[in-house]
Amino acid sequence: MIKNFSDFLVEEAREVYFTFGRMNPPTIGHGKLLDVLSKKAGRNDYKVYLSQTGGKVKDPLQYTDKVKYARKMFPKHARNIIL
């Protein structure tokens, strides 16, 4: 029988590792960065956030294309590259 709602509240400490990057275009060096990030995170979660700049001479890829190519180039990190 349920006595009160607070019996079901569980707080636990969790860590999340993250990095920001332009990755326009993604390179082998970015892959090495993602490998180091996942190694440092260990069993914890990690996230990769890409900048939304694009369309200029210095940044040739649009944001959605950049995410798509990064996920294809680094398939073992694809679920951690956030759109």
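**Entry 1: salt bridges**

I started with Asp59, which forms a salt bridge with Arg22, the closest N and O atoms being 3.0 Å apart (a salt bridge is a side-chain nitrogen of Lys or Arg within 4 Å of a carboxyl oxygen of Asp or Glu). Asp59 sits in the loop between β2 and α2 and Arg22 in the loop between β1 (16–21) and α1, so the pair ties together parts that are 37 residues apart in sequence. Helices (H or I, at least four residues) and strands (E, at least two) are DSSP runs, numbered from the N terminus.

Note on the source: this is a predicted model, where local features need pLDDT of at least 70 and side-chain atom pairs count only at pLDDT 80 or more, while totals for chains, interfaces and linings use all residues. Residues are numbered from 1 along each chain as its sequence is written, and side-chain values use heavy atoms, with hydrogens and water left out.

Buried or exposed, I asked of Asp59? Asp59 counts as buried at 7% relative accessibility, whereas Arg22 is partly exposed at 37%. My cut-offs: buried is under 20% relative accessible area, exposed over 50%, partly exposed in between (1.4 Å probe, protein chains only).

Searching the whole structure, I got three salt bridges. Lys76 pairs with Asp35, closest N and O atoms 3.4 Å apart. That pair links distant parts of the chain, with Lys76 in the loop between α2 and β3 and Asp35 in helix α1, 41 residues apart. Lys76 is exposed at 64%; Asp35 is partly exposed at 31%. Asp45 pairs with Lys47 at 3.2 Å between the closest N and O atoms.

**Entry 2: helix α2**

Next I looked up the buried residues of α2 (residues 63–73): Tyr63, Lys66, Val67 and Ala70. They cover an arc of only 95° around the axis, which puts them on the same side of α2 (the arc is that of the directions from the helix axis to the C-beta atoms). The face turned away carries the exposed residues Thr64 and Lys72. What do the buried residues of α2 pack against? I found β2 (45–50) and β3 (81–82), with contact meaning heavy atoms within 4.5 Å.

**Entry 3: core**

The largest nonpolar core has 12 residues, among them Met23, Leu34, Tyr46, Phe74 and Ile81. Such a core is a set of buried Ala, Val, Leu, Ile, Met, Phe, Trp, Tyr and Cys residues joined through side-chain atoms within 4.5 Å. Ile81 touches Leu34, Val48, Leu50, Val67, Ala70 and Arg71, leaving out residues up to four places away in sequence.
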